[in-house]
Amino acid sequence: EGTQVFTTDPKEIDSIVRAAWGAVYRGNFDNPHQQVDNFMQQYGNLIFRGPEYELPPPSGTDIMRACCQARKSVGGLDGWAPADSALLSPKAFDRLATLLDMIELGNGWPDQLANAKAAFLAKDFYKQEDPLSYRVLVILPALYRIWASMRLHNMEPRIASWATPEMFAGIKG
């Protein structure tokens, strides 16, 4: 058996994790477009098709609702937890709506909001030296999580048009 080396240096940890998980994220086929074509040929008849669904531009009211309904969860690298955002003023929510509208129109996320942190939870106590034996939880900035929550709420009418009783995720209830 080889010598095990442990590190607490974030750059070394990142390198080790990227090397171990790289193959998983690259997938196991050479031609992803062909794989999609094969999938669609086999299951395409089961995929919902309907007219394009137009979402309204983000509104301060929608963002405020998402903030006030946010679960108590960890903050992002910016130090804000989603529930903290409920303390903002109506004018601040309107400003955030303008920012999110600009992002959705293609201007991209500000650099400060394009960072996440990962927490590693061991799946097997006896394999802590194996990077693949960890569950990786990614913690995104609070504003991103609020935006996603707001848009999921905005999509409820569309989701209701194709949801089935067998579904248990991404739908109400």
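Helices here are DSSP runs of H or I with at least four residues, numbered from the N terminus. R151 is found in helix α5, and N154 is found in helix α5 too. The model is predicted: local features need pLDDT of at least 70, side-chain atom pairs count only at pLDDT 80 or more, and totals for chains, interfaces and linings use all residues. Residues are numbered from 1 along each chain as its sequence is written, and side-chain values use heavy atoms, with hydrogens and water left out.

Two packed helices are described by the angle between their axes and the distance between the axes. Helix α5 covers residues 142-154 and packs against helix α4, residues 90-107, at an angle of about 80°, with the axes 12 Å apart. Axes are lines fitted to C-alpha atoms over the stretch in contact, and angles run from 0 to 180 degrees between N-to-C directions. The two helices, α4 and α5, are therefore roughly perpendicular (65 to 115 degrees). On the α4 side the contact (heavy atoms within 4.5 Å) involves L96, L99, L100 and E104, and on the α5 side L143, W147, M150 and R151.

R151 has a relative accessible area of 7% and so is buried (under 20%, with a 1.4 Å probe and protein chains only). Beyond its neighbours within four places in sequence, R151 is in contact with L55, P56, P57, P58 and E104.

N154 counts as buried because its relative accessibility is 11%. Leaving aside neighbours within four places in sequence, N154 touches Y53, L55 and D62.

Notes
Parallel < 35°, antiparallel > 145°, perpendicular 65-115°, else oblique. Buried < 20%, exposed > 50% of the residue type's maximum accessible area, 1.4 Å probe, protein only.
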